[in-house]
Amino acid sequence: DSVQIPSSLDSTPPGYLGYRGVSFFRRKFQFDAKRGARIVFQACSFYCRIWINQVEIGDHQTGYVAFSLDIPPMNNADN
């Protein structure tokens with residue numbers, strides 16, 4: 001199933017109300033892969049891991065607190 005991003009499991013499609021467990025969100029965007037970038041998140045529910053082009057760039061643990069991660073320069077990146 002899909003949801004509009006930004007989103008959370010608290011605003012879920014029918015049939016998922018009260019779900020607690022692993023979920024994946026995907027968002028496509030462009031950035032200058034040779035220079036890198038910074039990505040800002042408004043919050044995560046408890047714990048999240050962030051990948052860019054199949055490379056884990058970081059994680060965050062603390063509910064509902066904004067955070068940011070640097071996207072390192074990448075060679076042969078698929079934006």
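His-60 is buried, with a relative accessible area of 15%. The model is a predicted one. In that model, His-60 belongs to strand β3. A polar atom of the His-60 side chain lies 3.4 Å from the backbone oxygen of Thr-62.

Beyond its neighbours within four places in sequence, His-60 is in contact with Cys-44, Phe-46, Tyr-47, Cys-48, Val-65 and Phe-67.

## Overall architecture

The protein chain has four strands and zero helices. Read from the N terminus, the order of elements is β-β-β-β. Of the 79 residues in the protein chain, 20% count as buried.

The protein chain exposes about 6,600 Å², and carbon and sulfur atoms supply 50% of that area. Among contacts in the protein chain with a separation of 6 or more, 36% are between residues 24 or more positions apart.

## The β2–β3 hairpin

Strand β2 covers residues 47–52 and strand β3 covers residues 55–61; the two run antiparallel and are joined by six bridges. Within this pairing, Ile-50 stands opposite Gly-58 of β3. Two residues separate the strands of the hairpin, and Asn-53 takes a positive phi near 50° there.

His-60, described above, is part of β3. In a regular strand, side chains alternate between the two faces of the sheet.

## Cysteines

How many disulfides does a search of the whole structure find? The search finds zero. Cys-44 is in no disulfide, and the nearest cysteine sulfur, that of Cys-48, is 3.7 Å away. A disulfide is a covalent bond between the sulfur atoms of two cysteines. The cut-off for a disulfide is a pair of cysteine sulfur atoms within 2.5 Å. Because the sulfur of Cys-48 is 3.7 Å from its closest cysteine sulfur, in Cys-44, the distance is too far for a bond.

Are these cysteines buried or exposed? Cys-44 has 10% relative accessibility and so counts as buried. Cys-48 is buried as well, with a relative accessible area of 17%.

## Aromatic pairs

A search of the whole structure finds two aromatic pairs. In one, the ring centres of Phe-29 and Phe-31 are 5.8 Å apart and the planes meet at 35°, so the pair is tilted. Phe-29 counts as partly exposed because its relative accessibility is 33%, whereas Phe-31 is buried, with a relative accessible area of 13%.

Phe-41 and Phe-67 form a stacked aromatic pair, with 4.9 Å from centre to centre and 10° between the planes. Phe-41 lies in strand β1 (residues 37–41) and Phe-67 in strand β4 (residues 67–71), so this pair ties together parts that are 26 residues apart in sequence. Phe-41 is partly exposed at 22% relative accessibility, while Phe-67 is buried, with a relative accessible area of 9%.

Note on methods: Residues numbered from 1 in each chain as written. Predicted model: local features only at pLDDT ≥ 70, side-chain atom pairs only at ≥ 80, totals over all residues. Heavy atoms only, no water. Pairing = 2+ DSSP bridges. Buried < 20%, exposed > 50% of the residue type's maximum accessible area, 1.4 Å probe, protein only. Phe/Tyr/Trp six-rings, centres within 6.5 Å; stacked < 30°, edge-to-face > 60°. Contact = heavy atoms within 4.5 Å. Areas by Shrake-Rupley, 256 points an atom, 1.4 Å probe, with all protein chains shown as cover. Polar contact = N/O pair within 3.5 Å; in protein donor to acceptor, adjacent residues only side chain to side chain.
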